[in-house]
Amino acid sequence: MTTTTAPITPTLPVTLDGRRPHRARPVPAALVLAKRRLALTVRSPRALVVPLMTPILFALVIAPALANTIAVPAGRTAYMTFVALATVGLLIPLNCSFSGLGVIVDRQQGAMRELLVAPIRRSSIVLGNMLAALALTTLQLVVLIAASALRGAAYETGLRTLWFVAAALVFAVLMYGLAEILSVRLPSPEEYIAAVPAIAIVPFFFAGSLFPITSLPHWLGAAAKALPLTHALALFRYGMTGASGTRALHNIWGLQSAPEMAALSLVVLLAYAALIVTAALRLFTKAGTS
Amino acid sequence: MTMTIGAPAVEAIELDKVYAGEVHAVKGLSFRVAPGEAFGLLGPNGAGKSTTIGMLNTTVRPTSGRALLGGVDVAEDPIGTRARSSVVFQDTVVDHPLTGRQNLDLHLRLWGTDDAAGRARLSALSELVGLGEYLDRPVATYSGGQRRRMEVVRALVSDPQVLFLDEPTVGLDTRVRHDLFDVLATLRERTGVTILMTTHYLDEAERLCDRIAIVDGGRIVACDTPANLLRALGDEVLELRLNQPEPAGAALRAAGVPPDDILVIGATVTVVLRAHAADDLVNVLRERSFVLRAVTTRRPTFDDVYLRLTGDRIADDH
């Protein structure tokens, strides 16, 4: 190798110790890391498509089939819409769980070590991955809602859809926090994948997805009210199906005012999200330093 | 964060680390590295080298003691000290699906150096190590040597004051290892970066480091330049393989060889030659009816240095 004498030196002003001062980054680290996670996901199309498959199957095939088979008082379209919206409650946990798997892959393949020695807050790593998970979930939700609408689900538009958006966002943050906790507690992919059904799929069947929670045995119905998914589904339906969506909220709270019940359910989701995300950040920060 | 003028680039003060399960990995380790110096921590696996580097780059929390970069305690300003350093790990840490440029760009952004100077440095360093034409290909398509060079460029592209190299050549074939030595030596010359590296390869430590600390059981047992460490063993050692090494060692001690100059490991007795000639010592043993299976005289190596200080051979721990 030929040795040259030209030094590789910075051209910006230096401090007394001969180095540039550490500057605040114009782009927060969380956004940089979210971009990284999205760039990695784009190179793995399965990560985009697989979480969408089950909800799409439910919305496009199972919901219409159930609606045709079961004689529901509210009518075929209403039941199909009822179930199609429920699949949002399946998509979000599944997608967030997949995102949590990405954290384990980072740890096993070594990229996490680079991030842990970077001059950024450890919380930025969690938040960056969360932002990417939210972006992907949003994209998939749009596809799911559009596909189910084309299939015959009847959604209402208007300001009330903001309840759907708020609930979906907070529920996704909550589920990602849960995925992050699992990825710290269950550091092997095998253990993590084994836990996903318990977190992402089992609650789906008790939270009012295919039938109201009032159809459950009393004790199970009471337990269902403690599930964040129950509140999320009630808000999804309230936001997207107009007055008919208030029944799920009423099954939880038993009040007369729909906006009041909706606000209460959103507060429950926010409380869960705050608790879980705080725990996730603490666990991750602690795990990042042995 | 303001570095203290005149402070060592790296300083460990009585660093101690006890892991869960009472594993005492580092025991009161202290050393200083001057700015621009290349300092090596040499020792077998489990000696505490990686734990020491972990305490210096904030990925390991010390049980006690202090770790300082440029006079600043890493515990008091972890983000500021991490901004001044960079790490080349034993295993690759870049994202294989992304291109080399995307990986380097990520590092620049995370270290807050994604300005014109940073990008110029990215181009210059990449060209210097021969990666310029590969930058826009996914890292997954790189050869092992290219990936290692990528790792070094990644670590240097943020213009760190201190570069930590944690067993950087483990698992690489000989040609790639030597290629990497050249790259590191050239980059050090061009950038003046302070290097702290851990290794259990003796030739690597001798070739790259201005000073070497030999670490054993979590402690530094010797710290000096490679030349001085070897000088302590003189110009020549005698290596004997025989059936009764312990009695042979006793016979040599009776003949006037200082006990510290006699090393018995397995069936091999190694003797530092100072006041005695090799032939004389061989004759002493033959006169006492020892059967010598092999007799060799050679120059001392770092293995001998390590053996003398710790009683273990580094090669056995690979």
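Trainee: What share of the contacts in chain A with a separation of 6 or more comes from residues 24 or more positions apart?

Mentor: They account for 77%, a contact being two residues whose C-beta atoms, placed from the backbone, lie within 7 Å. This is a predicted model, in which local features need pLDDT of at least 70 and side-chain atom pairs count only at pLDDT 80 or more, while totals for chains, interfaces and linings use all residues. Residues are numbered from 1 along each chain as its sequence is written, and chains are lettered from A and ligands numbered from 1 in the order in which they are written.

Trainee: Which secondary structure does chain A have?

Mentor: Chain A has 12 helices and zero strands, where helices (H or I, at least four residues) and strands (E, at least two) are DSSP runs numbered from the N terminus.

Trainee: Why are helix 6 and helix 7 of chain A called oblique?

Mentor: Helix 6 (residues 122-151) and helix 7 (residues 161-185) of chain A pack at about 130°, with axes 10 Å apart. The axes are lines fitted to C-alpha atoms over the stretch in contact, and angles run from 0 to 180 degrees between N-to-C directions. Under 35 degrees counts as roughly parallel, over 145 as roughly antiparallel, 65 to 115 as roughly perpendicular and the rest as oblique. The two helices of chain A are therefore oblique to each other.

Trainee: What pairs strand 1 with strand 2 of chain B?

Mentor: Seven bridges join strand 1 (residues 10-19) to strand 2 (residues 23-33) of chain B, running antiparallel; pairing takes at least two bridges found by DSSP. Ala12(B) has Phe31(B) as its bridge partner in strand 2 of chain B.
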